[in-house]
Amino acid sequence: MRRLIRILTALSILAGVIATLSYGSGAQIAVRYVDPPLGAWWDTNEFLIMKCSAAALGMLIAIRLAARFIEHRLRPVALGWSLAICALLLIPVANVSARLARIGADGQGGPVSDWLTGHFGYGTGIVLDKIFLAVVYFLKTAGFSLVAGLGIFALILAAVTTLQRSGAPAVESQEREASPQQ
């Protein structure tokens, strides 16, 4: 299970980097020149790929972090259920996190934009500023999704712990009944 989570984390980072850099730099135009149908598809879906990979990354990091703080016997069940629930909630969490990440999106961006255009020239500075904003948006989306992932993991852990405790007295009573007979 841990290996699967590592692979999914690496894939979400890879997809996020590609989509974020493409979205920020406008690279979909180059893809449209090479393969127009693929370029049109990429242009339509790169923002969705960026926000979903950011949400997946945040929730996977949350699962990995939270799993370090629980007992070893609870890890496999909690990891499996958390991963399944996070996969089911990926699109809703991505949408909410993306909306939250837009708060203050243009707040203090002026000095960064001015610095980039001043140091790299207007054309390059504008492209770098768009990439910078896309990266910040990606990181904010991942951060809000991390909080959601921790919440999901906490709910799953509470359910798993409750179910195991409710089954524990039955197991103990069966053990007590078996021991006097021996």
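Is Phe47 buried, partly exposed or exposed? Phe47 is partly exposed, with a relative accessible area of 22%; here buried means under 20% relative accessible area, exposed over 50%, and partly exposed in between (1.4 Å probe, protein chains only). The legends below place this residue among its surroundings.

This is a predicted model, in which local features need pLDDT of at least 70 and side-chain atom pairs count only at pLDDT 80 or more, while totals for chains, interfaces and linings use all residues. Residues are numbered from 1 along each chain as its sequence is written, and side-chain values use heavy atoms, with hydrogens and water left out.

**View 1. The whole chain has seven helices and zero strands.** Helices (H or I, at least four residues) and strands (E, at least two) are DSSP runs, numbered from the N terminus. Along the sequence, the pattern reads α-α-α-α-α-α-α. The protein chain has 182 residues, of which 32% count as buried. It exposes about 11,200 Å², with carbon and sulfur atoms supplying 68% of that area; accessible areas come from the Shrake-Rupley method with a 1.4 Å probe, and for residues only the protein chains shown count as cover. Among contacts (heavy atoms within 4.5 Å) with a separation of 6 or more, 79% are between residues 24 or more positions apart.

**View 2. Helix 3 bends by about 50° at Asn45.** The bend at a residue is the angle between axes fitted to the seven residues ending there and the seven starting there. Helix 3 covers residues 36-67, 32 residues in total. From its first C-alpha to its last, helix 3 reaches 44 Å, close to the 46 Å expected at 1.5 Å a residue; the expected span is 1.5 Å times one less than the number of residues.

**View 3. Three aromatic pairs turn up in a search of the whole structure.** Rings of Phe, Tyr and Trp (its six-membered ring) pair if their centres lie within 6.5 Å; planes under 30 degrees apart count as stacked, over 60 as edge-to-face and the rest as tilted. The ring centres of Tyr23 and Phe47 are 5.3 Å apart and their planes stand at 45°, so this pair is tilted. It links distant parts of the chain, with Tyr23 in helix 1 (residues 2-25) and Phe47 in helix 3, 24 residues apart. Tyr23 is partly exposed at 39% relative accessibility. Trp41 and Trp42 also make a tilted pair, with centres 6.1 Å apart and planes at 45°. Trp41 counts as partly exposed at 46%, whereas Trp42 counts as buried at 15%. Finally, Tyr23, Phe47 and Tyr137 form one aromatic cluster.

**View 4. Ser25 lies in helix 1 and touches Val127 and Ile131, not counting residues up to four places away in sequence.** With a relative accessible area of 34%, Ser25 is partly exposed. The C-alpha atoms of Ser25 and Leu128 are separated by 7.5 Å, although the two are 103 residues apart along the chain. Have a look at the Ser25 side chain too: one of its polar atoms lies 2.6 Å from the backbone oxygen of Leu21.

**View 5. Ser97 is buried in the model, with a relative accessible area of 2%.** This serine lies in helix 5 (residues 90-101). Leaving aside neighbours within four places in sequence, Ser97 is in contact with Thr141, Phe144 and Ser145.

Conventions:
Polar contact = N/O pair within 3.5 Å; in protein donor to acceptor, adjacent residues only side chain to side chain.
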